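The points are grouped by topic.

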Amino acid sequence: MKEDNCLHAALICLGMLYYSHAVTTEKLNHTRPSLHGHHEKGKEGQVLHRSKRGWVWNQFFVIEEYTGPDPVLVGRLHSDIDSGDGNIKYILSGEGAGIIFVIDDKSGNIHATKTLDREERAQYTLTAQAVDRNTNRPLEPPSEFIVKVQDINDNPPEFLHENYHANVPERSNVGTSVIQVTASDADDPTYGNSAKLVYSILEGQPYFSVEAQTGIIRTALPNMDREAKEEYHVVIQAKDMGGHMGGLSGTTKVTITLTDVNDNPPKFPQSVYQMSVSEAAVPGEEVGRVKAKDPDIGENGLVAYSIIDGDGMDVFEITTDYETQEGVVKLKKLLDFETKKSYSLKVEAANVHIDPKFISNGPFKDTVTVKIAVEDADEPPVFLKPSYIFEVQENAASGTVVGKVHAKDPDAANSAIRYSIDRHTDLERFFMINAEDGNIKTIKALDREEIAWHNISVFAVEVHKQHQEAKVPVAIKVIDVNDNAPKFAAAYEAFVCENARSNQQFITVSADDKDDSANGPRFIFSLPPEIIHNPNFTLRDNRDNTASVLVRREGFSRQKQDLYLLPIVISDGGLPPMSSTNTLTIRVCGCDSNGSMLSCNAEPYILNAGLSTGALIAILACIVILLVIVVLFVTLKRQKKEPLIVFEEEDVRENIITYDDEGGGEEDTEAFDIATLQNPDGINGFIPRKDIKPEYQYMPRPGLRPAPNSVDVDDFINTRIQEADNDPTAPPYDSIQIYGYEGRGSVAGSLSSLESATTDSDLDYDYLQNWGPRFKKLADLYGSKDTFDDDS
């Protein structure tokens, strides 16, 4: 702080000296005659008046950032007409007048009352005027002057960014440009060295340097290696005053990252890799992984692997896992421990992208030896063939050998093998297999015509390891034997016209044989020896597995014989050949002149009427229809019944209710309720039906009501049935209801009011008084008739 005050004082002194020099110069160069003036003679005797300037001034300067105890004297205004008597008053106006700048109205001294900052405002324009103090009359015209703020070095340099980030490839040459940093200074660049900046490096040496005038950062060391150090932190300083002592400075940080180049070849960390794989492994299974290390990154670190030599080049392959940069060794073919127990590979790892600038650092590849051991696995038995095909003749005797399958244990133990047939493939058990040697034999005779091929499966299982088994398909072809005689290919039925001509062909027959083609055609047709000279028909073999039947004579008569049976012998071409006799049915028919059949029946010649067959069929059909109609009419007539009552059409219906209750006998007191049968409503002789409402009252006929004391349900129901049958108001159907019946044998007798309600006889219930308190209510209700009459 003390140093700053000294500096400001020195600057003020310099300013005052500069101001005095300026005032002196102004006095010499700028004068104005006073208002009173002095006279000079001209050439022609005229008196000339030379005006004198009344103001003495120049540009005024004031030091910025002055912080002294008193206001700073900027300068002094003085007019020549000012005699010092105090009658002149100086007035100041313009920018900052009265606020920043004040003037002593008597002496004309101008002071700055506030600290000025050139960076905020570099100059002020003011107007000065001298007026009469008493009258305020202007004594001189107003005039402008400028107050400039003199710059001092009060602003340090500032960088555009607080932090910079830059990249430069590793291994770059010395002097390679990295980045340019720029700083600015708010001081006046036109005055002194306050804004003259010089750049220097504070941190980051000896790796980088900076140009003092431009701020460009460059590499300073050759062959900087990213793999050794990737990031550098550099501090750059900008200092004003041309870098001299006393100048102000600012700093910035620059983070410089070395980018990768492919300057490192891949290297295997070891010379030999040991791997193992089971012989049971399948192709495509991973065996192991190798990895060559490359310190480069990105595409510069990409490595491709390949097998370049070794006895396992055909058995193994290697691929590249680009996510982990590993070489994946995989199995390409099946292995056999018993055949070969180890393999050796030579694997190469090479960079995918190579930079020609660093080719001298190569070669950018490396090799390693991979040894793979094959491990023994517990393998299932292996058949010598993937499938077997055998042949056996049909009809061969039981026990005939069909063929032999063979399997072995591929393991070093060479365990014994047992064989069996998968019965799911031989459900009818045509074959068997010897468990020891694998011989397949027949169990029963085979028929080629039923099954020509048998496809079975045979299991091979290790004796001591039942879970280790193998399966092989076995196809057995049944060889044909000529055991089927040829027969007609169809059920032939021929006809011959009565007017047939001699040697006329009327049918062609063919044959079929179930045997194979080797034991079938060619077929030979012939007549049996005993009828080879048949007088009616003859046979001609067409030698194309067909034969034609011809008429031997003329003229046939249906009345004499309408049917002929012709035996034909057919032989096949097998060894030995087989033959069969087939009978051809030949009918004699009536034909027209063109040989078209009209009728093959003999009836038309017997009938007297000349009716055709179609007419006879039509007559028979009509008779049958009439008989059916008559039978239906009679049946319906018998089933029809006259209704007892004529109802409306919508009321005629059947309402049959089925009852399946057999009852419990005479002692059953719960199955039937006799009170329902003996309905008190029946006293008046009218029992309403629930089926329909009767249209008029029906009075029962006398003599049909059962005795009052009768408890015979059969009599009661029969009586009701008769009433219903004779009741014209009843519907035309039976409506049977179930009634509970108490049964017989009660010591107390019947307590039902059914009978008493339907008769006028007097009943004595006085005995109820003797039955105890439980029957007191009944005794009161059914007291003696005299008692009731008295009470009424």
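In this predicted model, strand E31 and strand E32 (residues 439–442) run antiparallel and are joined by three bridges. Within this part of the structure, Met-432 stands opposite Lys-441 of E32. The two strands belong to an open sheet of three strands, in the order E28-E32-E31.

**The three-stranded sheet**

- The pairing in the open sheet E28-E32-E31 is antiparallel.
- Strand E28 (401–404) and strand E31 (431–433) are the edge strands, each of them pairing on one side only.
- From one strand to the next, the twist averages 20°.
- In general, the strands of a sheet pair through backbone hydrogen bonds, in either a parallel or an antiparallel manner.

**Disulfides: overall pattern**

- Two disulfides are found when the whole structure is searched.
- With the bonded cysteines of the protein numbered in sequence order, the pairing reads 1-3, 2-4.

**The disulfide of Cys-497 and Cys-591**

- Cys-497 forms a disulfide with Cys-591, and the sulfur atoms of the two residues lie 2.0 Å apart.
- The disulfide of Cys-497 and Cys-591 is left-handed because the torsion about its S-S bond is about -85°.
- Cys-497 has a relative accessible area of 10% and is therefore buried, the cut-off being under 20%.
- Cys-591 also counts as buried, at 16% relative accessibility.

**The disulfide of Cys-589 and Cys-600**

- Cys-589 is joined to Cys-600 by a disulfide, with an S to S distance of 1.6 Å.
- Because Cys-589 lies in strand E42 and Cys-600 in the loop between strand E43 (597–599) and helix H2 (613–639), the pair ties together parts that are eleven residues apart in sequence.
- The torsion about the S-S bond of Cys-589 and Cys-600 is about 100°, so this disulfide is right-handed.
- Cys-589 and Cys-600 are both buried.

**A further cysteine**

- Cys-622 has a relative accessibility of 47% and therefore counts as partly exposed, a class that lies between the limits of 20% for buried and 50% for exposed residues.

Definitions and conventions:
Residues numbered from 1 in each chain as written. Predicted model: local features only at pLDDT ≥ 70, side-chain atom pairs only at ≥ 80, totals over all residues. Heavy atoms only, no water. Disulfide = S-S within 2.5 Å. Buried < 20%, exposed > 50% of the residue type's maximum accessible area, 1.4 Å probe, protein only. Helix = DSSP H or I, 4+ residues; strand = E, 2+ residues; numbered from the N terminus. Pairing = 2+ DSSP bridges. Axes fitted to C-alpha atoms, helices over the stretch in contact; angles between N-to-C directions.
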